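Subject: Structure handover

Hi,

Here is the structure for you to pick up. My notes on what I found follow below it.

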Amino acid sequence: MGWKLAVSVLLIGVLAAYMSGIFSSPPSPPEIGDGWWGRGERPTTKEDTSIRKFKINVTDEDMDDLKDRLRKTRWFESVEETKFHFGIKPEYMKSIQEYWLNEYDWRKQEKVLNKYPQFKTNIEGIDIHFVRATPSKLKPGQKAKPILMVHGWPGSFYEFSKIIPMLIDPTNHGGTDADVFEVICPSLPGYGFSEAAHKKGLNAKEIGRIFHKLMTRLEFDNYYIQGGDWGGLIVDLMAGMFPSHIRGMHSNFITVQPSLSQMILVKIFPSIVLDDEAYARALPSFENLGFWLQETGYLHIQATKPDTVGHALTDSPVGLAAYIIEKFSVWTNYDWIDLDDGGLDGYWSKDDLLNNVMIYWVSGCITSSLRLYKETISKSFELANFINTVPVGLTSFPTVVRISASLWGTGDGCISLC
């Protein structure tokens, strides 16, 4: 009987600790603050709030330089009988290089990237790039619902290209007139065609404030938000800072920070605290430890010395493509590590993969994009200490236990900090 009593006491203690976490006073919302990320001192003159049209237009000289670098790629030999276990294979990257050189039509893809109107506006000293997609068919007096959609790393505004038509023209995609949205897709500061910060401190919370200023500048006082990866954290912080302005939030980046007592309770009796026991897959566990040890080295590099690896990635297009494209394999389905092509060819076209890479290459933004890890992760616990009170929808993809799934249509996502 002694062991039964000990187990009962343990369970009672765990349950008490869990319930105390539920009924404790919620933390205060994050402070909004203000910032200046431009060069030099903040000017005393009135802020320029103009919104300027923007179009991607890469010069022939830059394209010639890219092709010259691709031709001069230095290769290495892979280890025998490996798939993607050591990372993306040189054999696969040779197929990317050959396609990039001989079949990829940048001018055609440039038109694809320019399909929806793009703009820039200066906020807190840096130019913010964004796509604004408006519905063409509205009934008299009808207004589209504004939604801000935020990407992450190594993504871009392009990852929303296949879902935008569904939002601005829902009746042609199985929806109704009531489902129509106006879509705003900004590039994160230091990503794509948004200017990078020239000062230290630009983290996910500061970006959330910048994006709220963007939406109010566009005269959207109330709006919806959606995000994955860094975008998921940013929109979550926006909901905490500006709850009266956020109608609702959707995230495919589900972060959980359970206490030890909650983890024990979920492990022993998941049905007590979870509506569906399948949700337990998303919680930290010893089963997932192997994934974390093997697949988060990039995170440590980018959170400590991003500029060091940035030199190599800025100089080599094949190196940049390998660093980015490999994530589209293991972050979609970790089991694809056992495939010769990492599962990539069966899931994406090379045009889609290279369009995203090209946004990083032609803008030269890879190093500044990595810095968001260093600026944010050091403050991750501080930033996450608040309660989100706005209506929230969450998406957890089938492979979320190892890494989440599905880019190009719903935005990207990944578990915890990535």
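**Helix α11 against helix α15**

The axes of helix α11 (residues 297-304) and α15 come within 6 Å, and they cross at roughly 80°. An angle of 65 to 115 degrees counts as roughly perpendicular, so α11 and α15 are roughly perpendicular to each other. On the α11 side, the contact is made by Y298, L299, Q302, A303 and T304. On the α15 side, it is made by L370, Y373, K374 and I377. By type, the residues of this contact divide into 6 nonpolar, 2 polar and 1 charged.

Please keep in mind that this is a predicted model.

**The chain as a whole**

The chain has 418 residues, and buried residues make up 50% of them. Its secondary structure comes to 16 helices and 8 strands. Take the contacts in the chain with a separation of 6 or more: residues 24 or more positions apart account for 80% of them.

**More on α15**

Helix α15 covers residues 366-377 and is mostly covered. Of its 12 residues, 9 are buried. These are I366, T367, S368, S369, L370, L372, Y373, T376 and I377. L370, Y373 and I377 also belong to the contact with α11.

T376 sits in helix α15. Its relative accessible area is 1%. The cut-off for buried is under 20%, so T376 is buried. The side chain of T376 reaches the backbone nitrogen of A204 at 3.1 Å. Leaving aside residues up to four places away in sequence, T376 touches N203, A204, W230, L233 and L383.

**Helix α13 against helix α14**

Helix α13 spans residues 317-330 and helix α14 spans residues 350-363. Their axes come within 10 Å and cross at roughly 130°. That angle makes α13 and α14 oblique to each other. The crossing of α13 past α14 is right-handed. From α13, the contact involves P317, L320, A321, I324, I325 and F328. From α14, it involves L353, N356, V357, Y360 and W361. The residues of this contact divide into 10 nonpolar, 1 polar and no charged.

The loop between α13 and α14 holds N333. N333 is buried, with a relative accessible area of 18%. The side chain of N333 reaches the backbone nitrogen of D335 at 2.9 Å.

**H250 in strand β7**

H250 is found in strand β7, residues 246-251. Is H250 buried, exposed or partly exposed? At 27% relative accessibility, H250 counts as partly exposed. H250 and L394 are 144 residues apart along the chain, yet their C-alpha atoms are separated by 5.7 Å. Not counting residues up to four places away in sequence, H250 touches I225, Q226, G227, V235, G393, L394 and T395. With one of these, Q226, there is a polar contact between side chains, at 3.4 Å.

**Backbone points to check by eye**

Most residues other than glycine have a negative phi, and most peptide bonds are trans.

- W153 and P154 are joined by a cis peptide bond, with omega about 0°. P154 is placed in the loop between β4 (145-150) and α5 (164-168).
- E81 is not a glycine, and its phi is positive, near 60°. E81 lies in the loop between α2 (60-71) and α3 (90-102). E81 is exposed, with a relative accessible area of 81%.
- E124 is not a glycine either, and its phi is positive at about 55°. E124 lies in the loop between β2 (118-123) and β3 (126-133). E124 counts as buried, at 1% relative accessibility.

Over to you.

Best regards

Methods. Residues numbered from 1 in each chain as written. Predicted model: local features only at pLDDT ≥ 70, side-chain atom pairs only at ≥ 80, totals over all residues. Heavy atoms only, no water. Axes fitted to C-alpha atoms, helices over the stretch in contact; angles between N-to-C directions. Helix = DSSP H or I, 4+ residues; strand = E, 2+ residues; numbered from the N terminus. Parallel < 35°, antiparallel > 145°, perpendicular 65-115°, else oblique. Left-handed = near helix turned anticlockwise from the far one by under 90°. Contact = heavy atoms within 4.5 Å. Nonpolar A, V, L, I, M, F, W, Y, C, P; charged D, E, K, R; others polar. Buried < 20%, exposed > 50% of the residue type's maximum accessible area, 1.4 Å probe, protein only. Polar contact = N/O pair within 3.5 Å; in protein donor to acceptor, adjacent residues only side chain to side chain.
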